[in-house]
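Keep the sequence and the 3D view at hand.

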Amino acid sequence: MEIQTLGPALGALIHGIDLTRPITDPQQSALHAALLRHQVLFFENQPITPGQQRDLAARFGALHIHPVYRNVPEVPEIIVLDTDDDNPPDNDNWHTDITFTETPAQAAILSAQQLPPAGGDTLWASSSAAYEALSAPYRHMLEGLHAEHDFLKSFPAWRFARTPEERVRWEAARDRHRPVLHPVVRTHPETGRQALFVNEGFTTRIVELGASESDAVLRQLFAHMARPEFVVRWRWKRHDLAFWDNRITQHYACANYLPHRRVMHRATVLGDRPFHRAGSGQSGDSGRLHA
């Protein structure tokens, strides 16, 4: 297996591995180490089936079944992101997957099934590189703060409850996913690296700040995290595959291909409860929002 670094902040292209076949324990360990180092890995020419994608993702942890996105009927762990003029994309913002849960995803694997003639690229940004680029006083101010993450910010009723059947599913998802709190600065549980843990897709406010202060800080952080210095861009080809560390990155799917169709399959690996560890102590645990 060969690793080609794509950018100083994140990103690597992996050669010499066939992901349509079950990976071995040494391959699993090598991929895990590469993921921790490069944050997002890309693979070309991997015509993986939904079952193979599920089995690959399951080597890295238990899998999430999305509460509202459509999935492959016989493989419910694989969600189908099928967008065109009749179903415009909703992921053309900077987001980190399922941070509306108490234990957001640790990783995800995305497979390109059908692509438009041009456009539809995905960008990933390193939340750790963004954090490290902040001034020391600003980093100190952010430590110990908590942000609210809300399912409804990205999954409103007008978009995901348009039919009676969708309404039943959406209401059940809404009731299961009340707003939760996560630390604004997250410690990576394996590397100890600090990263910003707010995103446009789900973060609504910083609870320790007043409304105007929270809005100002979040606007600044969202803009800062999207700076080109922290970003890698992938131009998809059919059967490309991306594997990213969701704990320390965010991503953005470009919606510049309509009216053409784009179909992607995603497997999502469940993670643990985010925390912030300063020095030798641990503080800032996540939790459900009660107030």
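A nonpolar core is a set of buried Ala, Val, Leu, Ile, Met, Phe, Trp, Tyr and Cys residues joined through side-chain atoms within 4.5 Å. Buried means under 20% relative accessible area, exposed means over 50%, and partly exposed lies in between (1.4 Å probe, protein chains only). The model is predicted: local features need pLDDT of at least 70, side-chain atom pairs count only at pLDDT 80 or more, and totals for chains, interfaces and linings use all residues. Residues are numbered from 1 along each chain as its sequence is written, and side-chain values use heavy atoms, with hydrogens and water left out.

**Nonpolar cores**

- The largest nonpolar core holds 48 residues, of which Trp-124, Leu-142, Val-184 and Leu-221 touch the most other members.
- Helix H8 (residues 211–225) supplies the largest share of this core, five residues. Helices (H or I, at least four residues) and strands (E, at least two) are DSSP runs, numbered from the N terminus.
- A second, separate core has 26 residues, including Ile-17, Ile-23, Val-75 and Ala-107.
- In soluble globular proteins, nonpolar side chains tend to be buried together.

**The three-stranded sheet**

- Three strands form an open sheet in the order E13-E7-E15, with antiparallel pairing. Strands E13 (231–234) and E15 (249–253) are the edges, and each pairs on one side only.
- From one strand to the next, the twist averages 20 degrees. Axes are lines fitted to C-alpha atoms, for helices over the stretch in contact, and angles run from 0 to 180 degrees between N-to-C directions.
- Five bridges link strand E7 (residues 122–126) to E15 in the antiparallel sense. Two strands pair if DSSP finds at least two bridges between them.
- Ala-125 has Gln-250 of E15 as its bridge partner.

**His-251**

- His-251 sits in strand E15. His-251 counts as buried because its relative accessibility is 6%.
- Its side chain makes a polar contact of 3.3 Å with that of Asp-97. A polar contact is a pair of N or O atoms within 3.5 Å; within protein, one must be able to donate a hydrogen and the other to accept it, and residues adjacent in sequence count only if both atoms are side-chain atoms.

**Strand E6**

- Nine of the ten residues of strand E6 (residues 105–114) are buried, so E6 is largely enclosed by the rest of the structure.
- E6 runs antiparallel to strand E16 (residues 262–270), joined by eight bridges. Ala-105 has Leu-270 as its bridge partner in E16.
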